[in-house]
Amino acid sequence: MKRREFIKLSSVASAGAVVSPTLMLGGCASKPLPGTGAVTKSPTVCDMCFWKCAGEVYKEDGELWKITGNADDLHSGGRLCTRGTGGPGAYLDPDRLRQPLMRVVVDGRQTFQEVSWDEALQFIAAKMRGIAETVGPERMALLHHGAGGHHFLHLLRAFGSDSHAEPAFAQCRGPRDVGFRLTFGESASSPERTDMANARCIVLLGSHIGENLHNGQVQTLTEAINKDATLITVDPRFSVPAGKSKHWLPIKPGTDIALLLGWMNVVIEEELYDKDYVERYAIGFEQLAAHVRQYTPEWVFLETGIRPEVIRETAREMGKAAPATVVHPGRHATWYGDDTQRSRAIAILNALLGSWNRKGGFYIPEKVDMPHYPLPDYPKPKFKTGDAYPGKWPFASQGVTNGVIEASIGDDAFFKGWMVYGTNLPQTIPGAVDKLRAAADSLDLVVVVETMPSEMTGYADVILPECTFLERYDDIRNSGERHPSLALRMPAFEPKHESKPGWWIAKQLGEHLGLKQYFPWNDYADKLDWELQQVGSSLEEMQKIGVKNFPRKRPLYFQEGQNARFYTPSRKIELYSQQLADKGFDPMPVYTPPEPVPSGYYRLNYGRMPAHTFGKTTNNPLLFQLAPENQLWVNPLVANEHGLASGEYVRLASREGAISSKIRVRVTERIGPDSVFMAHGFGHKSKRMRLTAGAGADDSELMTNVKVDPIMGGTGMRGNFVTFVRQPDAGGAA
Amino acid sequence: MTRFVMVIDTRTCIGCGDCVVACKTENNVPEGLNRDWVVEATSGTYPDLKTEFRSERCNHCSNPTCVTLCPTGASHLWKDTNIVLVEPEKCTGCKACIAACPYDARLVMHPEGYIDKCTFCHHRVEEGLDPACVSSCPTGCMYFGTLDDPHSEVSQLLKTRNHKVLKPETGNEPNVYYLI
């Protein structure tokens with residue numbers, strides 16, 4: 001028997017009551033009109049995705065009624081998105097984790113048993129102390145996603161480890177942020193600092209805003225459409241923004257860098273670039289001009305399938321609108337393993353157009369300068385996260401989750417313990433289930449902190465149930481925005497069942513580890529109040545208003561002709577990157593053709609749907625009703641060739657032999673005949689998520705051809721090829 | 001009679017379904033039922049395509065056949081407006097209104113046996129608020145107001161933008177407009 005079997009949570013040895021499958025959404029005939037009871041409201045910061053919109057939680061006669069946007073909030077403009085509006089479903093979900101669970105052996109079989117918080121925490125603290133004493137505290141790593149991860153990062157740092165990674169880096173935004181930082185010395189931020197509301201031209205490359213509902217992005221893009229800005233969308237799929245665009249460029253997948261280089265060629269050859277801006281702020285223009293001379297629109301056409309005149313026309317549109325042109329940095333950028341270079345190309349094109357830190361291009365975000373609660377210094381760790389994978393990925397500015405997983409496999413592995421917060425790694429790291437199992441089998445301790453019984457909980461020694469965002473305080477939201485702004489998440493309800501807030505779990509665990517001095521607050525409210533008092537507010541004020549906006553201290557954009565220093569080694573915008581050259585990488589982006597689609601296979605394209613934040617929300621009873629499963633988009637020609645019809649179920653097989661769960665076919669012209677498409681986040685196997693278990697397919701388990709970005713460790717996910725499995729019931733788990 | 005209309009801009013509707021969820025939470029719509037929904041209509045052949053998203057619901061017609069054909073008077077107009085409501089106490093669940101409605105499935109059967117439908121959130125309208133779907137829409141593509149005021153936002157939009165209604169040939173005079 002493996003030391004750690006993957007336990008499907010259906011096999012929990014439950015000491016508690018049987019969970020009723022009934023949803024709690026019903027109304028009744030005699031119910032009076034909404035809002036006629038006693039209505040109260042309290043502020044929140046939404047946790048349905050990671051955009052962190054501020055909202056208001058309405059209760060009627062003490063029961064949760066609805067959640068709406070806070071009108072003073074820049075992230076939401078007073079309007080929550082589909083998922084945010086569906087926030088009540090997170091709180092009401094009957095499948096939520098209820099009680100700490102511990103892996104035990106019953107009759108020779110591993111299973112989970114409900115335990116008390118004290119028992120769970122004592123077990124974890126003893127294991128962590130053991131790791132610290134034998135190999136050092138740095139061998140305990142945190143893998144996390146979301147605002148509450150901060151509590152556990154604080155805990156681990158107090159414990160003596162700074163080892164941590166977020167899939168948000170190497171599985172999502174990392175290449176973009178590294179590419180922009182190499183060019184401008186700063187990242188594109190979250191929320192993205194795009195000034196789309198004032199743009200005259202917006203270019204989206206594979207970024208399907210409107211399908212991903214990053215609220216401020218959707219709203220500012222809409223504002224641009226309402227003001228008749230020119231929208232150019234590059235996407236092999238007829239995405240939602242493609243349908244709103246003046247120019248849709250149905251590019252051959254994987255050739256974006258060629259198009260970007262072609263655009264640079266036109267912008268430079270036709271002198272559409274901002275000469276003053278480039279001269280004042282950038283270095284390496286001559287090298288760049290010489291480099292892109294070879295990428296003529298005629299040459300680019302052969303690679304991308306985009307006609308030369310369209311390349312020229314769209315480049316002219318960008319030049320005409322500049323600097324009010326946003327070549328959008330995108331968000332999920334880990335596509336083909338050369339993603340940092342593609343992001344560099346996007347950054348460089350923006351630099352040529354002079355749009356960085358200019359009105360209608362990118363603004364300069366500003367936060368509130370709010371002091372942190374005074375705490376003792378952390379002990380100095382002997383190792384950094386990157387020491388677990390020495391010599392790899394020199395520009396990884398954050399922990400690389402896939403690197404941490406690989407450094408956790410085997411008896412001599414670097415890492416000995418994991419704390420996993422808010423991230424469902426089996427659906428997040430492409431094709432990594434075998435590695436996760438091997439890692440879990442090697443590690444001395446796996447703790448999973450979650451609200452839902454996700455697949456990741458099946459790898460845990462201990463599962464700690466966190467309450468939802470509607471039942472807890474977290475840190476004050478203080479993101480860089482157009483105006484400095486603070487927002488409060490506070491509990492609208494007591495935690496359900498035995499679930500607890502992340503801050504409470506971290507504090508209790510800290511106390512079990514003898515780290516009490518790092519957690520001096522009795523209630524997190526005390527900490528928040530102290531911090532708010534430092535900037536002239538208070539918890540009491542924030543509990544009333546939810547959002548507090550502050551005046552800016554510096555301009556939103558560069559002033560005309562001002563001098564500026566960038567956070568790069570040269571203090572200039574680096575069109576030519578000596579940093580990259582010094583490490584043996586291309587100093588300017590070079591196009592490499594993508595692997596061709598093998599005969600009989602289709603490129604697996606994936607993305608988002610507006611009803612869900614990938615697998616995080618698919619079991620939410622409100623959002624499940626809107627979108628219960630994902631669908632496989634298939635071009636009619638392909639459907640005809642394979643005898644597929646809309647509504648029937650198929651499985652997919654990757655070229656390397658992975659088989660997916662069943663997925664419903666949707667025959668549509670919105671995808672070309674070389675690809676298939678599905679939204680990410682379905683195909684759940686955890687049976688305790690009863691609504692979503694077995695619904696749809698999981699794209700990440702078909703990703704058996706992952707190309708890792710040598711610059712920063714990102715996992716390129718778009719180079720995968722699939723074909724249809726004719727008997728839907730054969731092979732794979734449904 | 002006050003004429004309330006909804007105007008939805010298909011140019012900025014992204015089909016996200018926020019309107020559906022907002023309606024469900026605002027009005028506590030039973031599980032599995034919706035009073036509004038989103039239609040995606042794609043035409044053309046790859047890569048020459050057009051997609052239109054439409055948020056649809058009861059059209060609160062000026063000539064509502066569901067009201068005229070209701071045998072019990074349950075289907076009625078709210079106050080002196082075009083907002084069509086159903087009185088649960090009077091409704092026998094006979095479905096005559098469903099048959100009378102030219103817009104299939106505008107009306108749904110509540111599990112307790114009466115017809116449930118979009119109310120244009122008249123409880124909010126009474127307080128001067130927009131319906132929940134309109135006020136939640138992240139793209140702000142939905143507008144609500146009265147056509148009696150020629151200066152209202154909805155009047156101005158219909159004056160200045162091309163628009164359509166669904167099935168104008170039925171003579172029901174629907175009051176949900178789509179800007180195209």
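Mentor: Let us begin with the two chains; please keep in mind that this is a predicted model. In it, 43 residues of chain A are in contact with 36 residues of chain B.

Trainee: What makes two residues count as being in contact?

Mentor: Their C-beta atoms, placed from the backbone, must lie within 7 Å. By that test, 43 residues of chain A and 36 residues of chain B take part. Strand 3 (63-69), helix 1 (82-85), helix 6 (215-226) and helix 20 (621-626) of chain A each supply at least two residues of the side that touches chain B. Helix 6 of chain A gives the most, with six residues.

Trainee: How is the side of chain A that touches chain B divided by class?

Mentor: That side has 20 nonpolar, 17 polar and six charged residues.

Trainee: Strand 3 of chain A was named there. What is the order of the strands in its sheet, and why are some of them called edge strands?

Mentor: The open sheet has three strands in the order 1-2-3 (chain A), with antiparallel pairing. Strand 1 (39-45) and strand 3 of chain A each have a single partner strand, so one side of each is left without a neighbour in the sheet, and they stand at the edges. From one strand to the next, the twist averages 25 degrees.

Trainee: How do you know that strand 2 and strand 3 of chain A pair?

Mentor: Pairing requires at least two bridges. Six bridges join strand 2 (residues 54-60) of chain A to strand 3 of chain A, and the two run antiparallel. Within strand 3 of chain A, Ile67(A) is the bridge partner of Val57(A).

Trainee: What makes the pairing of the seven-stranded sheet mixed?

Mentor: That open sheet has the order 5-4-15-14-13-6-7 (chain A) and mixed pairing. Its edge strands are strand 5 (109-114) and strand 7 (164-165) of chain A, each pairing on one side only. Strand 14 and strand 15 of chain A run parallel and are joined by four bridges, whereas strand 4 and strand 15 of chain A run antiparallel and are joined by two bridges. Both senses of pairing therefore occur, in keeping with what is said in general: strands of a sheet pair through backbone hydrogen bonds, either parallel or antiparallel.

Trainee: Which residues of strand 15 of chain A are buried?

Mentor: Val462(A) and Leu464(A) point one way, Ile463(A) and Pro465(A) point the other way, and all are buried. Ile463(A) is the bridge partner of Leu101(A) and also of Val448(A).

Trainee: Which helix packs on this sheet?

Mentor: Helix 3 (residues 117-134) of chain A does so, touching strands that include strand 6 and strand 13 (417-421) of chain A. The direction of helix 3 makes about 135 degrees with that of strand 14 of chain A.

Trainee: How do you know that the length of helix 7 of chain A agrees with expectation?

Mentor: Helix 7 (residues 256-269) of chain A has 14 residues, and at 1.5 Å a residue these should span 20 Å. Its end C-alpha atoms are 20 Å apart, which agrees.

Trainee: Why is helix 7 of chain A called largely enclosed?

Mentor: Of its 14 residues, 13 are buried, so helix 7 of chain A is largely enclosed by the rest of the structure.

Trainee: How do helix 7 and helix 11 of chain A cross?

Mentor: The axes of helix 7 and helix 11 (residues 308-321) of chain A come within 9 Å and cross at roughly 65 degrees. The crossing is right-handed. Gly262(A), Trp263(A), Val266(A) and Val267(A) in helix 7 meet Ile311(A), Arg312(A), Ala315(A) and Gly319(A) in helix 11. These residues divide into five nonpolar, two polar and one charged.

Trainee: Finally, why is Ile711(A) called buried or exposed?

Mentor: A residue is buried if 20 or more other C-beta atoms lie within 10 Å of its own. Ile711(A) has 26 within that distance, so it is buried. Ile711(A) lies in the loop between strand 24 (707-708) and strand 25 (715-716) of chain A. Among the residues that Ile711(A) touches are Val178(A), Trp393(A) and Phe585(A).

Methods:
Residues are numbered from 1 along each chain as its sequence is written. Chains are lettered from A and ligands numbered from 1 in the order in which they are written. This is a predicted model: local features need pLDDT of at least 70, side-chain atom pairs count only at pLDDT 80 or more; totals for chains, interfaces and linings use all residues. Axes are lines fitted to C-alpha atoms, for helices over the stretch in contact, and angles run from 0 to 180 degrees between N-to-C directions. The expected span of a helix is 1.5 Å times one less than its number of residues. A residue is buried if 20 or more other C-beta atoms lie within 10 Å of its own, exposed if 12 or fewer, and partly exposed in between; C-beta atoms are placed from the backbone. Ala, Val, Leu, Ile, Met, Phe, Trp, Tyr, Cys and Pro count as nonpolar, Asp, Glu, Lys and Arg as charged, and the others, Gly among them, as polar. A crossing is left-handed if the near helix is turned anticlockwise from the far one by less than a right angle, and right-handed if clockwise. Lists of a residue's contacts leave out its neighbours within four places in sequence.
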